[in-house]
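Work through the exercises below with the sequence and the model open. Each task is followed by a solution in steps.

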Amino acid sequence: NKITDIAQESLRENISFIPQDITMFHRSILENIQIAKYSATKKEIIDACKQAKIHDDILKMKNGYNSIVGERGTKVSGGQRQRIAIARAILKDAPILILDEATSSLDSTTEKLVQESLNILIKDKSKTVVAIAHRLSTLKHMDRIIVLDKGKIIEEGTHDMLMKNEKSMYRKLWEMQWI
């Protein structure tokens, strides 16, 4: 089968997408998470938020899950928006997860928190995870890393395999990020 043979609705049902810039609506946090699964119970939403490590932040807000996020999510931080997106992905439970620079705009402390949340999704072996990242820490635990240069595959393997090769572009990039 080719991707063009798959109905768009079916494709959307089977993919969760966490971009760098999260789409949020001027609604409550609850409604912004429920977008992923309209039939979700409040318990399912809370469980997803706990796994995404955003539940405690939500409880500290004046109106909890009923807090309005503002236009495009301006009343929550970047890290909170990312973890809300992760909660959406956990709630949706789609077999394919696409991460597009999901931690690139975050400070180091928030990135660590978001990475812990992402690891929950990544460790689920029933999912296919496609992660696009310049911050290589996002990729460390992937089963297969593909390194592209000018649109061409130049290397592939696990983090450990790529790090063993002294001439590896991945290794050079990894070492540059940790200097």
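**Exercise 1. Overall dimensions**

Task: What radius of gyration does the protein chain have, and what would a compact globule with 179 residues have?

Solution. The model is a predicted one. Step 1: for 179 residues, a compact globule would have a radius of gyration near 16 Å. Step 2: the protein chain has 18 Å, which agrees with the globule value. Step 3: the C-alpha trace spans about 55 × 45 × 25 Å along the principal axes of the protein chain. Step 4: buried residues account for 41% of the 179 residues. Step 5: the protein chain exposes about 11100 Å², and 52% of this area is supplied by carbon and sulfur atoms.

**Exercise 2. Secondary structure and contacts**

Task: How many helices and strands does the protein chain have, and in which pattern do they follow along the sequence?

Solution. Step 1: there are eight helices and five strands. Step 2: the pattern along the sequence is α-β-α-α-α-α-β-α-β-β-β-α-α. Step 3: take the contacts between residues at least 6 apart in sequence; 64% of these join residues at least 24 apart.

**Exercise 3. Charges**

Task: How many positive and negative charges does the protein chain have, and how far apart are their mean positions?

Solution. The count gives 29 positive and 24 negative charges. Their mean positions are 3 Å apart.

**Exercise 4. Strand β1 and its partner**

Task: Which side chains of strand β1 are buried, and how does β1 run relative to strand β2?

Solution. Step 1: β1 covers residues 15-18, and its side chains alternate. Step 3: β1 and β2 (residues 96-100) run parallel and are joined by four bridges. Step 4: the residue of β2 that stands opposite S16 is L97.

**Exercise 5. The β4-β5 hairpin**

Task: In which sense do β4 and β5 pair, and which residue in the turn has a positive phi?

Solution. Step 1: β4 (residues 145-149) and β5 (residues 152-157) pair over five bridges in the antiparallel sense. Step 2: E156 in β5 is the bridge partner of I146. Step 3: the two strands form a hairpin with two residues between them, and K150 in the turn has a positive phi of about 55°. Step 4: K150 is exposed, because its relative accessible area is 79% and the cut-off for exposed is over 50%.

**Exercise 6. Another positive phi**

Task: Where does D93 lie, and what is its phi near?

Solution. Step 1: D93 lies in the loop between α5 (78-92) and β2. Step 2: the phi of D93 is near 55°, a positive value in a residue other than glycine. Step 3: most residues other than glycine have a negative phi. Step 4: with a relative accessible area of 49%, D93 is partly exposed.

**Exercise 7. Buried or exposed?**

Task: Are V147, T138, I90 and L59 buried or exposed?

Solution. Residues count as buried under 20% relative accessible area and as exposed over 50%.

- Step 1: V147, in strand β4, has 9% and is therefore buried. Leaving out residues up to four places away in sequence, V147 touches K152, I153, I154, E155, L162, M169 and Y170. The C-alpha atoms of V147 and S168 are separated by 9.6 Å, and the two residues are 21 apart along the chain.
- Step 2: T138, in the loop between β3 (128-132) and β4, has 5% and is therefore buried. The residues T138 touches, beyond four places in sequence, are T103, E111, Q115, I122 and A133.
- Step 3: I90, in helix α5, has 13% and so counts as buried. Beyond four places in sequence, I90 touches A48, Q51, A52 and L121. The C-alpha atoms of I90 and I45, 45 residues apart along the chain, are 9.1 Å apart.
- Step 4: L59, in helix α4 (residues 55-60), has 52% and so counts as exposed. L59 and Q20 are 39 residues apart in sequence, and their C-alpha atoms are 25 Å apart in space.

Terms used. Residues numbered from 1 in each chain as written. Predicted model: local features only at pLDDT ≥ 70, side-chain atom pairs only at ≥ 80, totals over all residues. Heavy atoms only, no water. Rg over C-alpha atoms; globule rule 2.2 N^0.38 Å. Buried < 20%, exposed > 50% of the residue type's maximum accessible area, 1.4 Å probe, protein only. Contact = heavy atoms within 4.5 Å. Areas by Shrake-Rupley, 256 points an atom, 1.4 Å probe, with all protein chains shown as cover. Lys, Arg positive; Asp, Glu negative; His and termini not counted. Charge placed at Lys NZ, Arg CZ, Asp CG, Glu CD. Pairing = 2+ DSSP bridges.
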